[in-house]
Amino acid sequence: MNLREKIRVIEDFPEAGIKFKDITTLLQDPQAYRYVIEQFKERYQDYEIDALVGIEARGFLMGAPLALELDKPFILARKEGKLPAEVVKAEYDLEYGSNVLEMHQDAFTPGDKILVVDDLLATGGTAKATCDLIQKLEGEVVELAFLLELAYLEGRKKLEAYDIYSIIIDE
């Protein structure tokens, strides 16, 4: 299946010069969406993983169904102020700004092996902040999984300490 055809590109969003990769068109196609989750499941079904972390917000759309398929807990990495219990925080830079991510302090047990899931790897800031949160809570990042990687933004440079898997890589 050609997943690239299922992803719409929006020019100059959210600001001039950005080519936003819109996965809503992929999500509207049940066969394509299912195919993505199956690709992830096929890769990770034999990995030693204790839990999955999805990065707000589109990482939830990849991570939650995959967590169900793998029969593993699903943990949220959310933007600041969205989680109700005690949290740990990490600041990060975006392709077009900066933000703060949070995770519940009791999200998992120290030593747990964690798979990080998101829809897009761009500059790597969000994924790196998520890995920092996992390390603060003494978890081990098994791998980072992305639907789409924008290789030309060199996000892997910020994530050199981690294994990365991307279904689609845009050069």
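Is Glu 149 buried or exposed? At 4% relative accessibility, Glu 149 is buried. The model is a predicted one.

Arg 156 has a relative accessible area of 34%, so Arg 156 counts as partly exposed. The cut-off for buried is under 20%.

## Three residues, one network

The structure has 14 salt bridges. Arg 4, Lys 21 and Asp 170 are joined in a network of them.

Take Arg 4 and Asp 170. Their side chains form a salt bridge, 2.3 Å from N to O. Arg 4 sits in the segment before strand S1 (8-11), and Asp 170 sits in strand S9 (residues 164-170), so the pair ties together parts that are 166 residues apart in sequence. Arg 4 is partly exposed, at 43% relative accessibility. Asp 170 is buried, at 15%.

Now take Asp 170 and Lys 21. Their side chains also meet in a salt bridge, at 3.0 Å from N to O. Lys 21 belongs to strand S2 (residues 19-22) and Asp 170 to S9, 149 residues apart, and the pair links these distant parts of the chain. Lys 21 is buried, with a relative accessible area of 13%.

## The nonpolar cores

In soluble globular proteins, nonpolar side chains tend to be buried together. Here, the largest nonpolar core holds 26 residues. Val 53, Leu 101, Met 103, Phe 108, Ile 134, Val 141 and Leu 144 have the most contacts inside this core. Several elements give two or more residues to the core, among them strand S3 (51-55), strand S6 (97-104), helix H4 (125-136) and strand S8 (140-150). H4 gives the most, with 5 residues.

Look at Val 53. Beyond residues up to four places away in sequence, Val 53 touches a set of residues that includes Phe 74, Met 103, Val 116, Thr 130 and Ile 134. Another core lies apart from the largest one. This other core has 24 residues, including Leu 3, Leu 26, Met 62 and Leu 70.

## Helix H3

Which residues of H3 are buried? They are Gly 59, Phe 60, Met 62, Gly 63, Leu 66, Ala 67 and Leu 70. Viewed down the helix axis, these buried residues fall within an arc of 165°, so they line one face of H3. Their cover includes helix H1 (24-27), helix H2 (30-44), S3, S4, S7 and S8.

H3 covers residues 58-70, which makes 13 residues. From first C-alpha to last, H3 reaches 19 Å. That is close to the 18 Å expected at 1.5 Å a residue. Asp 71 follows H3, and its phi is positive, near 55°.

Glu 143 lies in strand S8. Its relative accessibility is 4%, so Glu 143 counts as buried.

What does the side chain of Glu 143 make with the side chain of Tyr 44? The two side chains make a polar contact, at 2.5 Å. Apart from neighbours within four places in sequence, Glu 143 is in contact with several residues, including Arg 43, Tyr 44, Tyr 47, Leu 115, Asp 163 and Tyr 165.

Note on methods:
Residues are numbered from 1 along each chain as its sequence is written. This is a predicted model: local features need pLDDT of at least 70, side-chain atom pairs count only at pLDDT 80 or more; totals for chains, interfaces and linings use all residues. Side-chain values use heavy atoms; hydrogens and water are left out. A salt bridge is a side-chain nitrogen of Lys or Arg within 4 Å of a carboxyl oxygen of Asp or Glu. Helices (H or I, at least four residues) and strands (E, at least two) are DSSP runs, numbered from the N terminus. Buried means under 20% relative accessible area, exposed over 50%, partly exposed in between (1.4 Å probe, protein chains only). A nonpolar core is a set of buried Ala, Val, Leu, Ile, Met, Phe, Trp, Tyr and Cys residues joined through side-chain atoms within 4.5 Å. Contact means heavy atoms within 4.5 Å. The expected span of a helix is 1.5 Å times one less than its number of residues. The arc is that of the directions from the helix axis to the C-beta atoms. A polar contact is a pair of N or O atoms within 3.5 Å; within protein, one must be able to donate a hydrogen and the other to accept it, and residues adjacent in sequence count only if both atoms are side-chain atoms.
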